[in-house]
Structures are given as C-alpha cells and as structure tokens.
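This report describes a protein model together with its ligand. Please keep the sequence and the structure in view while reading.

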Amino acid sequence: MPKILVTRRTFPEAAEKLRASGAEVVIWDGADSPTHDDLVAAVADVDGLYAHITNAVDAEVMDAAPNLKVITEFGVGYDNVDVAAANARGIAVCNTPGVLSESTADEAFALLAAMARRTYDLPQIVKRGEWGDFDPLGYLATDIHHKTLGIVGMGRIGSEVAKRAAGFNMNVLYFNRNRRDEEFGATYVDSLGELLERSDFVSLHNPLNAETTGMMGAAQFKLMKKSAVLINTTRGPVVDQDALYDALSSGEIAGAALDVTVPEPLPADNPLLTLDNCLIMPHVASATGDTRMKMAMMCVENVLAGVAGDWPPYCVNQAEISGNARIKAQGSVRSQRSP
Ligand code: DGY
C-alpha cells in the first residue's frame with residue numbers, strides 16, 4: 001500500500017479521493033506547516049509527497065525518502081522544490097498549471113485598480129470620520145483607462161492580465177524571454193528597461209529563478225516613472241525589498257501592491273508596513289474556493305498517478321527523468337500536459 005504525505009490540511013473531497021485509492025494517507029495536522037526537520041522525519045516511508053509553498057523540498061528531504069516517486073506542488077510555482085535534485089534521483093515533480101491563471105490575474109488587476117482609484121486608502125478616511133467637504137482638487141486618483149500597463153512575463157497569467165487590461169482600454173506592453181505568437185493586443189518590447197520607462201503600472205508575472213531573483217532593484221526603480229505603481233503577484237524574491245522601500249519612501253515610484261513578500265508571513269515590524277503607498281496582501285492570488293479546490297484535485301491526480309507508477313498528468317520534469325524515473329509507467333502512459 002503506497003503512503004502519501006499531505007503537508008497541510010486539504011479539502012475533504014481531496015482527502016476522500018486520496019483515501020479511496022487505497023493509499024495510506026497522512027495529512028499534516030500541525031497548526032503551521034512542518035519545519036524542515038519535521039518534513040525530513042515525516043517522509044521516511046513515503047511514496048508520494050503533496051507539498052506546499054512553505055516546504056523546502058530539497059535533496060535532504062529526498063534522501064530521507066528512499067521510496068519517493070512523486071512530489072506534487074500545490075501551486076503553479078515550484079521554486080521551493082529542488083528540481084535538479086529530483087532529476088538526479090528520478091523523482092517526478094508536478095504542479096497545478098492553468099487553473100489559477102485567471103484568479104491570479106483577477107487579483108493582480110484588483111491590486112492595480114485599488115492603487116489607481118484609491119479604494120485602498122480612501123475608505124480609511126471615511127471610517128475615521130475625516131471625509132471633508134467636497135473639494136474639486138481633493139482625493140484625486142489616477143485613471144486606469146488609456147494608461148500604460150507593462151507586463152513582465154507573458155505566460156498564462158500575464159496573458160490573462162493583458163486581456164483584462166484590454167477591457168479597461170489600457171495600452172499594454174510586455175517583456176518576455178521570447179516574443180509570443182499570440183499577444184492579446186499587447187506590444188512586445190525587447191528590454192525590461194524600456195518597459196519600465198514607458199509604463200504607468202508594472203505587473204510582474206515571471207517565475208522565480210536565478211535570473212529573476214532581485215530583478216527589480218534600485219536601478220530598475222530609477223527607470224520607472226515617478227508616478228508609476230509596481231504590482232507583484234509572482235514571488236517575493238523577484239523584488240529587492242530594501243530598494244523598494246527606498247523607492248517608495250523617496251518618491252522614486254508612486255506605489256506598490258504586493259501579494260508576495262520576503263519573508264512570508266511578513267513580520268508586523270517590517271518597514272514596508274509603515275508606508276501609506278504600499279498595499280500588502282497575504283499571498284492569496286489563487287485563494288478563491290473554486291480555484292483552490294481545482295488545485296487540490298490536480299495535486300490528487302498527480303500524486304495518485306505517481307504512486308501507482310503512471311506518469312502524473314502535470315509533470316514538469318518528465319523529459320529529464322524518463323531514463324531513470326522511479327516511476328515505472330504501468331499500462332497506458334498518460335500524455336504530458338505542458339506546465
Ligand atoms: C502559485 O501557484 O504559485 C501560488 O503562488 C501559490 O503558491
């Protein structure tokens with residue numbers, strides 16, 4: 001009987017489906033995510049690992065789990081999993097692509113709108129009883145329509161943001177490693193610098209990797225318009241937060257809205273939280289009931305396929321491990337869907 005570890009609570013429907021497979025299912029029931037030591041101890045006899053962003057699934061975890069065949073990440077980003085280590089050990093790594101693109105784009109756009117139209121700060125004035133007499137020059141916001149949105153990373157989520165921006169009559173620029181065949185009305189620019197110089201809003205949608213860590217630093221904020229707003233719904237380390245604090249407090253840029261930070265959770269004494277022009281959300285871009293349920297069910301599909309010896313449907317390293325996979329494909333091999 002294969003054993004599956006789920007490192008955080010999940011929907012009853014997902015737990016039920018895992019158990020119905022006949023596998024032994026252990027669902028971590030700590031108030032918080034397992035620590036790294038907890039994880040190393042808990043994976044000893046595990047065949048399938050259903051992991052979350054708070055788990056660093058590194059070589060030490062993998063070496064503590066000699067039976068491990070499959071790791072599924074609850075999310076599209078899997079930067080917390082050491083894929084090179086998994087490749088070396090023949091372990092399949094999977095994620096949940098596609099289902100969260102629209103929810104994430106909705107949130108990115110909601111953050112953009114909140115910063116532009118001040119639905120972020122003006123309600124506080126009303127609540128405090130400070131709503132003053134009508135003033136033609138008071139409480140001025142920024143239009144969304146006809147402003148320029150710069151999208152960094154035109155993958156699934158970036159494309160959904162571009163579609164939303166088109167509906168708001170925005171001009172959309174994008175910067176991506178490769179120019180896209182389908183551009184959703186957006187205009188390609190071939191340098192990040194040009195995008196930053198021309199945009200009123202900059203929304204980040206590139207994955208976190210060695211190349212994108214610290215991608216937005218002091219030099220990049222200098223290139224942005226003083227009136228520009230940064231939106232980050234990808235991963236915290238893409239932005240140098242000290243440089244962001246300096247840019248926001250010195251007026252180098254007008255505002256920032258972050259769904260992701262370093263660290264997470266962000267401690268209450270973090271300097272960014274002292275700023276009126278910085279809106280911070282607790283990493284919730286995919287957190288709608290419908291989307292999180294779909295993500296959970298994709299994780300279930302991935303992990304059940306992997307422990308049964310089939311290729312998981314959302315495997316990101318099938319090509320890399322097919323020669324030495326711990327999964328020995330049984331029966332019909334399911335076709336890989338692109339991540
Ligand atoms: C994702 O899917 O990458 C979300 O940020 C959740 O981790």
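## The ligand and its surroundings

By class, the shell around the ligand consists of three nonpolar residues, three polar residues and one charged residue. The model described here is a predicted one. The residues that make up the shell are Ile53, Gly75, Val76, Gly77, Leu100, Arg235 and His283.

A backbone N or O atom of Val76 lies 2.7 Å from a ligand oxygen, and a backbone N or O atom of Gly77 lies 2.9 Å from a ligand oxygen. In Arg235, an N or O atom of the side chain is 2.8 Å from an oxygen atom of the ligand. On its own the ligand has 230 Å² of accessible area, and the protein covers 89% of this.

## Salt bridges

The count of salt bridges in the model comes to 15. One of them joins Arg164 and Asp106, whose closest N and O atoms are 2.7 Å apart. This pair links distant parts of the chain, since Arg164 belongs to helix H7 (residues 156-167) and Asp106 to helix H5 (residues 101-117), 58 residues apart. Arg164 is buried, because its relative accessible area of 18% falls under the 20% limit. Asp106, with a relative accessibility of 43%, counts as partly exposed. Both residues also belong to a network of salt bridges that links Glu102, Asp106, Glu160, Lys163 and Arg164.

A salt bridge is also formed between the side chains of Arg118 and Asp121, with an N to O distance of 2.7 Å. Arg118 is partly exposed at a relative accessible area of 23%, and Asp121 is likewise partly exposed at 23%.

## A link between a helix and a loop

The side chains of Lys222 and Glu252 meet in a salt bridge with an N to O distance of 3.9 Å. Lys222 lies in helix H9 (residues 218-223), while Glu252 lies in the loop between helix H10 (241-250) and strand E11 (255-258), so the pair ties together parts that are 30 residues apart in sequence.

## A nonpolar surface patch

Val126, Trp131 and Tyr139 form a nonpolar patch on the surface, and together these residues have about 360 Å² of accessible area. Val126 is located in helix H6 (residues 122-127). With a relative accessible area of 43%, Val126 is partly exposed.

Terms used: Residues are numbered from 1 along each chain as its sequence is written. This is a predicted model: local features need pLDDT of at least 70, side-chain atom pairs count only at pLDDT 80 or more; totals for chains, interfaces and linings use all residues. Side-chain values use heavy atoms; hydrogens and water are left out. A residue is near a molecule or strand if one of its heavy atoms lies within 4 Å of it. A polar contact is a pair of N or O atoms within 3.5 Å; within protein, one must be able to donate a hydrogen and the other to accept it, and residues adjacent in sequence count only if both atoms are side-chain atoms. Accessible areas come from the Shrake-Rupley method with a 1.4 Å probe; for residues, only the protein chains shown count as cover. Ala, Val, Leu, Ile, Met, Phe, Trp, Tyr, Cys and Pro count as nonpolar, Asp, Glu, Lys and Arg as charged, and the others, Gly among them, as polar. Patches are made of residues with over 30% relative accessible area and no salt bridge: like charges are joined within 9 Å, nonpolar side chains (Val, Leu, Ile, Met, Phe, Trp, Tyr) within 5 Å. A salt bridge is a side-chain nitrogen of Lys or Arg within 4 Å of a carboxyl oxygen of Asp or Glu. Helices (H or I, at least four residues) and strands (E, at least two) are DSSP runs, numbered from the N terminus. Buried means under 20% relative accessible area, exposed over 50%, partly exposed in between (1.4 Å probe, protein chains only).
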